[in-house]
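Visitor: I would like to learn how to read a few features of a fold. Could you walk me through one?
Guide: Gladly; let us look at it together.

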Amino acid sequence: MGEEHPRKRSRQHFEAEARHVSLLESPQCETSKLYISREEIERFSPSRKDGIDLAKESFLRSSYCTFLQRLGMKLHVSQVTIACAMMMCHRFYMRQSHAKNDWQTIATASLFLACKAEDEPCQLSSVVVASYEIIYEWDPSASIRIHQTECYHEFKEIVLAGERLVLDTSAFHLDIELPYKPLAAALNRLNAWPDLATAAWNFVHDWLRTTLCLQYRPHVIATATVHLAATFQNAKVGSRRDWWLEFGVTTKLLKEVIQEMCILMEVDRRRTMPPPPPPPRRELTWAIPAPIKPVHMARAYPFHSYPLQSYRQAGIW
């Protein structure tokens, strides 16, 4: 398998990385904290030191989240377990570089660990086979090859080595807190109507694919999400104007988090927005020349361009 797919990291690579985890930043280092600022994430990521810029790292982050979603659905595990695996990957790559650690291996190992952490056991053989089939879905023979003893054991050892590296990097801290529980509690307490609740849940699913959960505690994200969803739904929640204080979130912090959310939404909108249509081509009309008159060129209609439609974020306050 190594010759056929040279881009995959070897088992020895991940074992060597695990042995050198002690050389990483100390627990007092900024990048090893559970909650860090956006500036620290963007400027001091280990991947940045290896020449991977913010746009590339954001793409890789989106890639392993999409991969985890597909792998989790293929294995029929819960959305909570999938989200837990995403958070493990986010935290891992705040202490390890994308340039040195294959994200598909790390994501596979993270989902296997998340199944254990969330008490949703999943057989290692099932994880190995499902992951391999997704990674090499372009290869019609992949589903047959992974069931061959040599290929299966080689890939299994790579996943297990990746699991040890994730464990060592996280210092065996597998207690992942997600915004789901505080969001459900807030929606029930505020008697939110179904459409608002659906919008809030969808927002949280999106936040888990970003570094927002590395910046703020789950109850803060849940509270800000309810406020943002209520704004877009034009709905009133709570019996008091500053209802978010009941959930331990100050007005200043709420505004800060919502600003971060709006930035993420704007970035996503720009990334998914189709390019503007090209301007109409100049049409050349040639008049029939008289014997002594020159040819005249007339423009069929004025030349103009189509600027991008302006985007105005709905008022939050």
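**Reading cavities, core and backbone**

Guide: The largest cavity has a volume of about 50 Å³. Keep in mind that this is a predicted model.

Visitor: How many cavities of 30 Å³ or more does a search of the whole structure find?

Guide: Two. The second largest cavity holds about 40 Å³ of space.

Visitor: Which residues line the largest cavity?

Guide: Its lining is made up of Tyr35, Met87, Arg91, Glu177, Pro179, Cys213, Tyr216, Pro218 and Ile221. Helix 5 and helix 13 (218-233) each supply at least two of the lining residues. By class, seven of the lining residues are nonpolar, none is polar and two are charged.

Visitor: And what lines the second largest cavity?

Guide: There you will find Glu57, Arg61, Tyr64, His90, Tyr93, Met94, His98, Thr211 and Leu214. Helix 4 gives the most to this lining, with three residues. The classes here are four nonpolar, three polar and two charged.

Visitor: Let us turn to the packing. Which residues touch the most other members of the largest nonpolar core?

Guide: Leu196 and Trp207 do, in a core of 90 residues. Both domain 1 (38-170) and domain 2 (179-271) give residues to this core, so the core lies between them.

Visitor: What does Leu196 touch, leaving aside residues up to four places away in sequence?

Guide: Leu196 is in contact with Leu187, Val226, Ala229, Ala230, Gln233, Ala235 and Val237.

Visitor: Now the backbone. What should I expect of phi in general?

Guide: Most residues other than glycine have a negative phi. With that in mind, look at His76: this residue is not a glycine, yet its phi is positive, about 60 degrees.

Visitor: Where is His76, and is His76 buried or exposed?

Guide: His76 sits in the loop between helix 4 (54-75) and helix 5 (79-92). His76 is exposed, with a relative accessible area of 70%.

Visitor: Which phi does Ala171 have?

Guide: Ala171 has a positive phi of about 55 degrees, although Ala171 is not a glycine. Ala171 is found in the loop between helix 9 (149-169) and helix 10 (180-189).

Key:
Residues are numbered from 1 along each chain as its sequence is written. This is a predicted model: local features need pLDDT of at least 70, side-chain atom pairs count only at pLDDT 80 or more; totals for chains, interfaces and linings use all residues. Side-chain values use heavy atoms; hydrogens and water are left out. Helices (H or I, at least four residues) and strands (E, at least two) are DSSP runs, numbered from the N terminus. Buried means under 20% relative accessible area, exposed over 50%, partly exposed in between (1.4 Å probe, protein chains only). On a 1 Å grid over the protein atoms alone, a cavity is a set of points where a 1.4 Å probe fits but cannot get out, and a pocket is an open set with protein on both sides within 12 Å along at least five of seven lines; lining residues have an atom within 4 Å of a point. Grid points are joined across faces, edges and corners, and a volume is the space filled by probe spheres set on the points. Ala, Val, Leu, Ile, Met, Phe, Trp, Tyr, Cys and Pro count as nonpolar, Asp, Glu, Lys and Arg as charged, and the others, Gly among them, as polar. A nonpolar core is a set of buried Ala, Val, Leu, Ile, Met, Phe, Trp, Tyr and Cys residues joined through side-chain atoms within 4.5 Å. Domain bounds come from an automatic or database domain assignment. Contact means heavy atoms within 4.5 Å.
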